[in-house]
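Work through the exercises below with the sequence and the model side by side, and try each task before reading its solution.

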Amino acid sequence: MSDRTPQGKDQVRTTEVVAALSLATDLGIGVPLEHGLHSALIAARLGDILGVAQDMRAQAHYTSLLFYIGCTASAKTASEVFAEDHALTKYAVPVRFGSLPQMVAGMARAVAPPGQSPILRAMLLARGVPALAREFMDVTRADCDVAQLLTGWLGLPPAVSALFTHASARWDGRGGSGSAKGEAIPLPMRVTQVARDAAFQRMLGGDEFAARVVRSRAGGAFDPDVAEPFADHAAEILAFDPHASLWSATLACEPPPNLVLEGEGVDRALGAIGDFADLVSPYLVGHSAGVAGLAALAGHRCGLGAAEVVALRRAALVHDVGRVAVPARIWQHPGPLSPDDWERVRLHAYHTERILSRSPFLASLIPIAALHHERLDGSGYHRGSTAAALGMPARVLATADAYHTMTEPRPHRDALSPTEAAERLAMEARAGRLDRDAVSAVVAAAGQHVRRITRPTGLTDRESEVVGLLSRGLQTKQVARALGISVKTADRHVQNAYRKMGVSTRAGATLFAMRHGLATWGELPMGLAADQS
């Protein structure tokens, strides 16, 4: 099977977009790039040995790539509960499919990492364990909500989205209240669980170690009829060239029919990538879609052709996917950043470039998407490009991103008014950092840029207001205060809205709000951006 993009300029294989997003999840959870691709190849080879039906092999392929697609939904909570960046990946993920004592010990180490003084560890445990107990089930549900919504927007079949309700299920039934067990867990998820754990254990200790660990979990977390054949054939299944990229092999192992995104389906999928990235912090919710809408309007005003505007809008949707490589605590930090943290922030544009670079279709967006922090005088990042290297679409995106960012609050400052933001842009243009024509176009477009406020799935106006405020990180009490209603009434609106949207968590509601234009800073009452405690 060729890994080539399908014929036609406005279509791309779905697995190309899914595999690129898998790279982003690798960065989001702090594992080596292509870890998810390894998992997909393991699932494919295991599926061949087991004789899994073609449709189920396809489901396992996509699910293996996107197993951690919910990682940004819980990033803020993880930054508040755990003492180290990526502590879950370091201490809890290795024992995710272990015994109950192993899982408890792994979580304890994530809350209070080894190497600290006994007193400090005791303090971390005293603070972190109650917080973890409060948040754990909601985080699990949030991962499920987010995975189901995003996989649907990526154009994957409903059967794939449904699999994520079983991501935490165990063969022995100890996956939590209400979770499936045994053969009630769909076979593609049973294969995916083994594939993801095998890839992780291989990373930790090599092929033989992975085989031993997976075999030890047969009959516990794993279906013995899946885990034991893996262990028996581990040398064959795990035979990878350590020096070669697995991108082409991953695309080639996608079982037919090879799904294809076209036209608006491409836009929905790229929008899903932007929404995935924006979930990393309440301050960033809706940013990518907002910048895309503003940049497209400004691009028309600059005289860009129709195809150029389409490329500009799509590049804007994915321009910040590299944010997921930056720990959520940095995006939440209210004060000056350390030199190391600032360097991580500067590299997010580089990570956007690397995520997009493997797919020829997505790589065509790099000259716009990855240059959104460059400036005409070379003072931007990450390349330090100057005017000669920046086409008009890149100049428009840089300006639209700057304007939109200024009009959004951040942990260290309040949002600027549209007038103040326009004045700042004009100053940047006079200083030779932003393009004058792009600044004029963005400011003019901002005057007509009214976000699409719909009332989907039967939401009332009040319920839509509530969902918008929830998406900005406000708790139910704060929503009630903002709208001048009782907490009981606010909670009733929340539950009614959840039911109508088909979600059960704030993360799911936030994704819904972004997709339907309900997450707008303009609707947030003044002062509440800083009052989210």
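**Exercise 1.** Find how many positive and negative side chains the chain has, and how far apart the centres of the two sets lie.

Solution. Counting Lys and Arg as positive and Asp and Glu as negative, with His and the chain ends not counted, the chain has 54 positive and 53 negative side chains. Placing each charge at NZ of Lys, CZ of Arg, CG of Asp or CD of Glu, we find the centres of the two sets 4 Å apart.

This is a predicted model, in which local features need pLDDT of at least 70 and side-chain atom pairs count only at pLDDT 80 or more, while totals for chains, interfaces and linings use all residues. Residues are numbered from 1 along each chain as its sequence is written, and side-chain values use heavy atoms, with hydrogens and water left out.

**Exercise 2.** Determine which residue forms a salt bridge with D197, and where the two partners lie.

Solution. A salt bridge requires a side-chain nitrogen of Lys or Arg within 4 Å of a carboxyl oxygen of Asp or Glu; D197 meets this with R217, their closest N and O atoms being 2.7 Å apart. D197 belongs to helix α9 (residues 187-205), whereas R217 sits in the loop between α10 (207-216) and α11 (224-232), 20 residues apart. Both D197 and R217 are buried, that is, under 20% relative accessible area with a 1.4 Å probe, protein chains only.

**Exercise 3.** Decide whether R344 is buried, partly exposed or exposed.

Solution. Exposed means over 50%, and partly exposed lies between the two limits; because its relative accessibility is 30%, R344 counts as partly exposed.

Technical notes: Helices (H or I, at least four residues) and strands (E, at least two) are DSSP runs, numbered from the N terminus.
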